[in-house]
Amino acid sequence: MTKLDHLRNRDAVLRMSEAEADERASVVDPDDERMIINMGPQHPSTHGVLRVTMELQGETVLRSKPVIGYLHTGMEKTAEDLTYLQGPTNVTRMDYAAPLFTELTFSLAVEALLEIEMPDRATWIRMLMCELNRMSSHLLFLATNGMDLGAVGMMIYGWREREEVLRFFEKVTGLRMNHNYIRPGGVAADLPDGWQEDVQNILKVLPERLEQFDVLMTGQPIWRERTQGIGVITTEEALAMGATGPILRSTGYAWDLRRAMPYLAYDQVDFDIVVGTYGDTFDRYAIRLNEIRESMRIVEQCLELIPDGPYRAEDRKVTPPPRARIDESMEALIHHFKIFTEGFKVPPGEVYTAVESPRGELGCYLVSDGGPKPQRMHIRAPSFVNLQTLPHMMHGGLLADAIAVISSIDPIMGEVDR
Amino acid sequence: MTESPASLDEETEPGEEDMPEDDVERLHGSAVVVNNNQTVVHTGKAEYHDLIQSLNDDGYGVCVDLCGVDYLGNDTRSLPVTVTAERFELVVNLLDVQASRRLRVRVQLSEAAPIVATITDIHPGAEAMEREANDMFGLEFEGHPDPTPILLPDDWQGHPLRKDYSMGRIPVQFKAVDGR
């Protein structure tokens with residue numbers, strides 16, 4: 001039995017060119033009640049510029065197809081023209097809701113080719129920042145998911161809570177988004193004085209707010225009616241389509257790269273993988289809500305376990321020297337100059353690294369020809385792959401539920417189109 | 001295609017085909033190497049589809065990533081002796097979710113005919129990725145259910161991620177030229 005046979009709705013995808021659709025529209029057949037409509041790319045519930053072409057019969061969605069590419073800016077081509085140090089400024093703009101993860105997977109790929117060891121503190125800072133970023137990304141999901149389904153108040157609450165995290169990011173990295181904080185060789189700067197209090201403040205206010213979300217949404221009969229049993233996907237279907245992250249976990253399959261193939265220091269912290277049962281929209285919502293709680297557990301452990309030491313590798317060919325050293329050492333001055341003009345050279349080779357982003361497996365395939373710029377840099381974007389499950393989830397459902405399904409995939413179009 | 005006699009194992013000369021190849025490790029008949037602790041299988045386009053099928057039966061049941069690479073002008077690529085270097089490569093990253101292991105397949109595709117069988121019949125999830133590789137590198141997938149552009153506009157000319165694709169610049173005149 002092949003994986004294709006596992007797909008219940010093999011004809012869920014609408015494979016029709018616009019010319020064919022036009023032709024079909026001109027043929028009048030009183031028995032044929034099907035019609036093709038476009039949703040988006042400017043529809044507010046499409047999270048950016050997603051267009052979904054749908055074939056409807058009455059209010060039932062038959063076939064559909066996500067049409068993407070409206071935000072394509074050739075970032076993989078741009079990456080071939082940037083040095084490895086400049087690379088994170090480019091990739092951080094892909095998944096703008098969780099930028100630190102793209103920086104991380106790119107940096108891990110460069111470091112794997114360089115074969116340099118990371119200081120422990122750099123690893124733990126990366127883990128702390130990524131888990132905070134997972135929280136802010138899922139809070140953004142709760143805000144938009146709530147609004148898409150009519151809980152308009154969530155739009156305000158979700159953004160408010162996310163703001164607490166972004167304020168901390170601004171203090172650490174200087175920016176609220178597109179941080180360029182995680183770089184090959186470590187992180188850009190050490191955590192500022194008093195960072196513990198800021199993190200503890202976030203951990204103090206959030207649990208209470210999450211309980212308010214539970215009252216507002218999780219336990220609400222209207223919320224459950226709109227999400228339970230909607231957009232169901234099975235484990236076999238999710239694996240066949242390559243879907244990862246909350247979509248795969250919602251089917252009850254406990255696959256999380258942090259546990260299955262630990263990177264950073266995830267094998268040294270305690271956390272649970274949240275899984276669903278039915279693979280429906282409600283499960284995907286509940287997984288993200290509870291993953292915020294798990295991330296808080298990891299952040300709490302980071303506060304205790306984070307070691308002292310350097311925050312970036314002491315390899316002067318890769319990371320710039322401290323400012324004070326430049327005044328007294330000619331070597332340091334030369335290294336500094338070389339890193340920022342020519343960039344450092346990376347040994348030839350190719351590598352694939354993957355991290356668990358809030359949306360699933362975020363990978364980076366990097367090919368180096370031995371020069372200071374990549375020969376090829378490819379980002380395996382989870383949203384791009386997950387979006388393929390959309391026609392299968394929407395097939396046979398109501399048009400009104402299509403909004404709930406799109407929202408539950410949580411696609412970030414910057415990452416889909418790159 | 002840049003020829004580089006200096007790099008090791010780059011090219012297999014036609015006369016060398018009968019040399020002993022016993023030192024090359026093989027998996028389903030294709031050469032296997034381990035780079036940076038990652039297993040890489042090198043194959044040609046004729047064996048590609050069967051290899052993916054065999055690996056699927058071995059447990060590598062998820063196609064997580066598929067992308068093209070253009071090696072034009074790269075003379076530092078190292079390949080097993082049994083593999084003939086071509087300009088394009090198709091790189092498929094497979095995942096075994098039962099045993100938590102990964103494997104990468106690199107397929108050599110010639111500049112003259114970058115055509116290869118689709119694997120969407122084995123991994124339906126490769127559909128969007130194959131469409132992207134077609135957009136960006138002009139790799140063609142025989143038997144693909146929907147071979148239309150995905151990220152580029154329908155009427156786009158050329159394949160942007162090829163190394164010989166012109167980036168396109170707008171000339172800017174910085175000061176007035178006398179007499180014009």
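**Figure 1. Where chain A meets chain B.** In this predicted model, 38 residues of chain A are in contact with 31 residues of chain B. On the chain A side, at least two residues each come from helix 1 (3-6), helix 3 (75-79), helix 10 (235-240), strand 6 (349-357), strand 7 (360-368), strand 8 (374-380) and helix 16 (382-386). Sorted by class, this side of chain A holds 17 nonpolar, eleven polar and ten charged residues.

Figure 2. Let us look next at the strands. Three of them make an open sheet in chain A, ordered 6-7-8, with antiparallel pairing. Strand 6 and strand 8 of chain A are the edge strands, each pairing on one side only. On average, neighbouring strands of this sheet are turned by 15° against each other, direction ignored. Helix 5 (residues 99-114) of chain A packs on the sheet and touches strand 6, strand 7 and strand 8 of chain A. The direction of helix 5 makes about 150° with that of strand 6 of chain A.

**Figure 3. A closer look at the pairing of strand 7 with strand 8 in chain A.** Strands of a sheet pair through backbone hydrogen bonds, in either a parallel or an antiparallel way. Here, strand 7 and strand 8 of chain A pair in the antiparallel sense over six bridges. To find your way in this view, look for C364(A), whose bridge partner in strand 8 of chain A is I379(A).

**Figure 4. Helix 6 of chain A packed with helix 13 of chain A.** Helix 6 (residues 120-148) and helix 13 (residues 281-305) of chain A pack at an angle of about 155°, their axes 9 Å apart. Angles over 145 degrees count as roughly antiparallel, and helix 6 and helix 13 of chain A are therefore roughly antiparallel to each other. The crossing of helix 6 of chain A past helix 13 of chain A is left-handed. Among the contact residues, helix 6 of chain A contributes W124(A), M127(A), L128(A) and F141(A), while those of helix 13 of chain A include Y285(A), I292(A), M296(A) and V299(A). The residues of this contact divide into 16 nonpolar, three polar and four charged.

**Figure 5. L142(A) and its surroundings.** Our last stop is L142(A), a residue of helix 6 of chain A. L142(A) counts as buried because it has 26 C-beta neighbours inside 10 Å, where 20 or more are needed. Leaving out residues up to four places away in sequence, L142(A) touches M154(A), G158(A), F213(A), R288(A) and L289(A). The C-alpha atom of L142(A) is separated by 42 Å from that of D31(A), 111 residues apart along the chain.

Terms used:
Residues are numbered from 1 along each chain as its sequence is written. Chains are lettered from A and ligands numbered from 1 in the order in which they are written. This is a predicted model: local features need pLDDT of at least 70, side-chain atom pairs count only at pLDDT 80 or more; totals for chains, interfaces and linings use all residues. Two residues are in contact if their C-beta atoms, placed from the backbone, lie within 7 Å. Helices (H or I, at least four residues) and strands (E, at least two) are DSSP runs, numbered from the N terminus. Ala, Val, Leu, Ile, Met, Phe, Trp, Tyr, Cys and Pro count as nonpolar, Asp, Glu, Lys and Arg as charged, and the others, Gly among them, as polar. Axes are lines fitted to C-alpha atoms, for helices over the stretch in contact, and angles run from 0 to 180 degrees between N-to-C directions. Angles under 35 degrees count as roughly parallel, over 145 as roughly antiparallel, 65 to 115 as roughly perpendicular and the rest as oblique. A crossing is left-handed if the near helix is turned anticlockwise from the far one by less than a right angle, and right-handed if clockwise. Two strands pair if DSSP finds at least two bridges between them. A residue is buried if 20 or more other C-beta atoms lie within 10 Å of its own, exposed if 12 or fewer, and partly exposed in between; C-beta atoms are placed from the backbone.
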